Amino acid sequence: MNDYVNNPKLNATLIACLQEWGITSLTDIQLRAIEAEVPLGKSAIVCAPTSSGKTLIGELALANALTNGFDALYLVSHKALAEQKFSDFLGRFSTHRWAAAVSVGISTGDHEEGDVNCRLLVSTYEKALGLLLAGRLKVGKTVIIADELQLIGEPGRGPSVETLCALLRQREPRQFVGLTATVENPDDLAAWMNCQAVRSTQRDVDLIQTIRYAGKDYTVRFGQEEGHTNNNPGSATLHDAIRAIINDGMGPVLVFTETRREALELAGEHSSQCQRAADGLEVSKQLELFSEPTESSQQLMSHAERRVAFHTADLTPDERSVIEFGFVQSKFDVCFATSTLAAGVNFPFRTVIISKLTYEFGDREGKLFSRSDYRNMSGRAGRLGHHDDGRVLLLPRNNAELQHANLLVSPENDRVVSQLVTLSMRRTILSLIAARAVSSRDALKTFFENTYYWY
């Protein structure tokens, strides 16, 4: 029997949804959120490690909102994740249970689809800020699920996310549910947004972290202070590591790259060392039906024949769909992907490889990977419902990266700190005035009193 059927904190509609969605058991954070009545309308910041089932909590809150006649807004960090959630929600909320009562839309700037007045809207934070300032969101009648809320602490995007949340706080949404990976101070976020904190440190799929350097492996389980060291006399090259992992039955493997070019180059190098396979040829033929005859698409088809893929923003929606379904069907061994895939897109990778720990391009050139980036990347390994455990292999290239790798695999968490004043205050104020979010000194003061920075 499903372990939630007699849970007094779940109503008949939510139980029926869980059964319809094929959920047979609940994780630690899901049980804690249900006990706190988050699916029944209570606002909360839900904080737990990756692959612990936070998304389901948000989806139950959506189902409850839609059942009771409220609108819903699901906020995500990246366009790729918005596309996936839009597709998921089209399936989940189009069954006979919902009939025509629920319309689903997406708004990311690049992609607008669905009724303008849809009941459930999927949007990126930045696009939602624009919609709010344009008066297109009826916040008081809307349940808001904010995924990856720890973005507030990122120097680049944090100010926009905080501005949106401050304006939402000021307008008092029907319910606010923030979903965040493990951070040190979720109670601060919860107090700021006038809601409760629901937290768990339990990752329901164990994550085994290994640092390989100078002929030695240091391995530590996620959340533990101490690990153990073993000799590893084998080659430390990336492609040898991939082959060894696949031969040990620990695939499929996800290798993170910094740029699209890097993903294509590494995929080409690895593919050249692999044999064609029958199921790979099948996927390649599917890609041929959907792909435009570009150099990138030709490379993708050639690699697919050898059970190798790359996943970047250059893929068309059809190509992306074929690749993603191929991984679900275990028709690939390895995927080389840019970090967009780390934002929460849920594919069944058993092992993640991080082959460098220093950014080499763009604004972050020369900087070491942040703990937040590492947690998102490593969190793609060992997905709930697919694996008993997940593995992440770090391949530092020098002593500085080795020392940083040891910090990344430690159980400490980062504090989420406001980034609002890292922007020009003049720019922030002028943008609020230009968007007519404020029209007087008092209104401006009220806005700042609702920010995380002020809190």
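Predicted model: local features only at pLDDT ≥ 70, side-chain atom pairs only at ≥ 80, totals over all residues.

User: How many residues of helix H6 are buried?

Analyst: Helix H6 covers residues 158-171, which makes 14 residues. Buried means under 20% relative accessible area. H6 is mostly covered, and its count of buried residues is ten.

User: What length does H6 reach from its first C-alpha to its last?

Analyst: The expected span is 1.5 Å times one less than the number of residues. For the 14 residues of H6, about 20 Å is expected. The model comes close to that, and the span of H6 is 20 Å.

User: Which residue follows H6, and what is its phi?

Analyst: The helix ends at residue 171. The residue that follows H6 has a positive phi. This residue is Glu172, with phi near 55°.

User: Is Glu148 buried or exposed?

Analyst: Glu148 sits in the loop between strand E6 (142-146) and H6. Its phi is positive, near 55°, in a residue other than glycine. The relative accessible area of Glu148 is 12%, and the limit for buried is under 20%. Glu148 is therefore buried.

User: Where is Ser330, and what is its phi?

Analyst: Ser330 belongs to the loop between helix H12 (317-328) and strand E14 (334-338). Ser330 is a residue other than glycine, and its phi is positive. The value for Ser330 is near 60°.

User: Which residue does a cis peptide bond join to Pro252?

Analyst: Pro252 is placed in the loop between helix H8 (238-247) and strand E12 (253-257). Omega of the cis bond is about 0°. The residue joined to Pro252 by this bond is Gly251.

User: Is Glu226 buried or exposed?

Analyst: Glu226 lies in the loop between strand E10 (216-221) and strand E11 (228-231). Together with Glu184, Glu225 and Glu412, Glu226 forms a patch of negative charge on the surface. The relative accessibility of Glu226 is 64%, and exposed means over 50%. Glu226 therefore counts as exposed.

User: What accessible area do Val421, Met425 and Tyr453 have together?

Analyst: Met425 is in helix H15 (residues 425-434). At 31% relative accessibility, Met425 counts as partly exposed. With Val421 and Tyr453, Met425 forms a nonpolar patch on the surface. The accessible area of the three together is about 250 Å².

Methods: Residues numbered from 1 in each chain as written. Heavy atoms only, no water. Helix = DSSP H or I, 4+ residues; strand = E, 2+ residues; numbered from the N terminus. Buried < 20%, exposed > 50% of the residue type's maximum accessible area, 1.4 Å probe, protein only. Patch = residues over 30% accessible without salt bridge, like charges linked within 9 Å, V, L, I, M, F, W, Y side chains within 5 Å. Areas by Shrake-Rupley, 256 points an atom, 1.4 Å probe, with all protein chains shown as cover. Salt bridge = Lys/Arg side-chain N within 4 Å of Asp/Glu carboxyl O. Lys, Arg positive; Asp, Glu negative; His and termini not counted. Charge placed at Lys NZ, Arg CZ, Asp CG, Glu CD.
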